[in-house]
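Here is a short briefing on aromatic rings and their contacts. Please look at the structure first.

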Amino acid sequence: MPVEVRVPTLGESVVEATVGAWLKREGDQVEAGEPLVQLETEKVNVDVSADQSGVLGKIAAGEGQTVHPGDVLATITEGAPATTTQAQETAPAAAAAAAEVERPHASPVARRMAEEHGLDLARIEGTGTGGRVTREDVERQLQPAAHAEPPAPTPQLPPRDGQRDETRIRMSRRRQTIASRLLEAQRTAAMLTTFNEADMSAIMAVRARRREAFQKRHGVGLGFMSFFTKAVVGALHEFPNVNAEIRGEEIIQKHYYDIGIAVGAEGGLVVPVVRDADRKSFAELEREIAELAEKARTNTLTLEDLRGGTFTITNGGVYGSLLSTPILSPPQVGILGMHRIQQRPVAVDGQVVIRPMMYLALTYDHRIVDGREAVQFLVRVKDLVEDPTALLLD
């Protein structure tokens with residue numbers, strides 16, 4: 001008897017998904033636990049796997065179709081794949097559905113880039129889940145061609161007088177969610193941003209002295225994020241309203257510290273969460289942040305990786321940003337913005353010296369965080385960053 005492959009429960013507040021790419025075709029042999037199809041949700045891509053071994057039967061939901069938890073995606077029948085004779089008999093009936101899944105597995109961004117540059121996706125080796133072609137795969141393919149002769153341009157109809165070219169691109173589900181949540185934050189929170197700057201000399205000196213030994217001992221690099229995560233947790237201990245949220249007419253102060261780390265990914269910004277950051281060592285923080293960043297890059301984050309979060313850190317400095325005003329991620333009431341480290345002249349003990357400086361920005365919800373609290377919170381972060389030994393003592 002055929003077993004139905006259904007859309008699983010997608011997690012907190014996720015009520016629908018889009019079929020992104022089928023990793024198997026109708027008639028393929030599948031093994032229990034083997035990924036069959038990738039669903040795109042507003043938060044992450046979710047692989048749906050086979051519950052039992054058998055043969056993939058009729059595909060009920062094609063790529064691009066919207067589905068909901070419990071919807072049937074396909075069926076799996078017991079036994080071996082059809083013989084040549086059987087396949088010939090059933091080919092006409094399956095032709096339409098098979099055409100849908102025979103396309104190369106590729107993300108929407110990769111597919112668009114390939115079309116723009118005239119690349120054949122079938123000739124590009126995919127490094128994503130189930131061999132899916134990602135944006136990075138297409139970019140690697142383009143690199144050697146950068147110095148080659150450009151391909152012949154695709155013939156286009158000349159624009160009519162006064163008409164200018166436009167390209168329409170469907171917004172991914174994640175991008176739609178990012179847009180709606182940013183608007184939600186603007187509408188519901190009384191957002192205000194306060195600024196300060198930190199002298200990064202001490203942290204940079206510690207990293208220079210300890211980097212090799214740290215790498216050798218723990219198998220992970222000593223970056224800046226562990227220092228800032230520790231500093232944020234220390235400041236949150238002193239200012240609990242920054243680690244809170246509003247529920248109805250109540251302020252819920254949270255006595256656990258789940259720190260979101262904003263990461264730029266192929267499909268848009270994601271914020272995986274480091275749970276119980278106050279209980280983790282520098283090495284544990286660096287290792288977990290690196291693992292989450294890699295999962296974001298390869299589109300393998302799970303809904304559990306993104307659930308919750310009590311405060312967020314975002315680092316625009318990796319892209320060269322000198323100063324910005326980050327936007328809250330509701331229902332959180334605080335987000336710290338890190339920026340580019342820049343050598344600048346500063347006054348120290350009456351002398352002008354050159355120091356590596358970083359601007360810091362704290363955006364907060366003025367409904368429950370007063371300006372005094374916000375400024376003192378950011379000053380505390382600055383103090384802890386400028387004196388890393390205090391992080392160990394705390």
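This is a predicted model: local features need pLDDT of at least 70, side-chain atom pairs count only at pLDDT 80 or more; totals for chains, interfaces and linings use all residues.

Residues are numbered from 1 along each chain as its sequence is written, and side-chain values use heavy atoms, without hydrogens and water.

**Aromatic pairs**
- Searching the whole structure gives three aromatic pairs. Rings of Phe, Tyr and Trp (its six-membered ring) pair if their centres lie within 6.5 Å; planes under 30 degrees apart count as stacked, over 60 as edge-to-face and the rest as tilted.
- Phe239 pairs edge-to-face with Phe377, at 6.4 Å centre to centre and 75° between the planes.
- This pair joins distant parts of the chain, 138 residues apart: Phe239 is in the loop between helix H6 (225-238) and strand E10 (244-247), and Phe377 is in helix H9 (residues 371-386). Helices (H or I, at least four residues) and strands (E, at least two) are DSSP runs, numbered from the N terminus.
- Phe311 and Phe377 form a tilted pair, because their centres are 5.6 Å apart and their planes at 45°.
- Phe311 lies in strand E16 (residues 311-315), 66 residues apart from Phe377.
- Ring pairs join Phe239, Phe311 and Phe377 into a cluster.

**Burial**
- Phe239 is buried, with 12% relative accessibility. Buried means under 20% relative accessible area, exposed over 50%, partly exposed in between (1.4 Å probe, protein chains only).
- Phe377 is buried at 0%, and Phe311 is buried too.

**Charges over rings**
- Arg207 places its charged end over the ring of Phe224, 4.2 Å from the centre. The cut-offs are NZ of Lys or CZ of Arg within 6 Å of the ring centre and within 35 degrees of the ring normal.
- Arg344 lies over the face of Tyr359, 4.1 Å from the ring centre.
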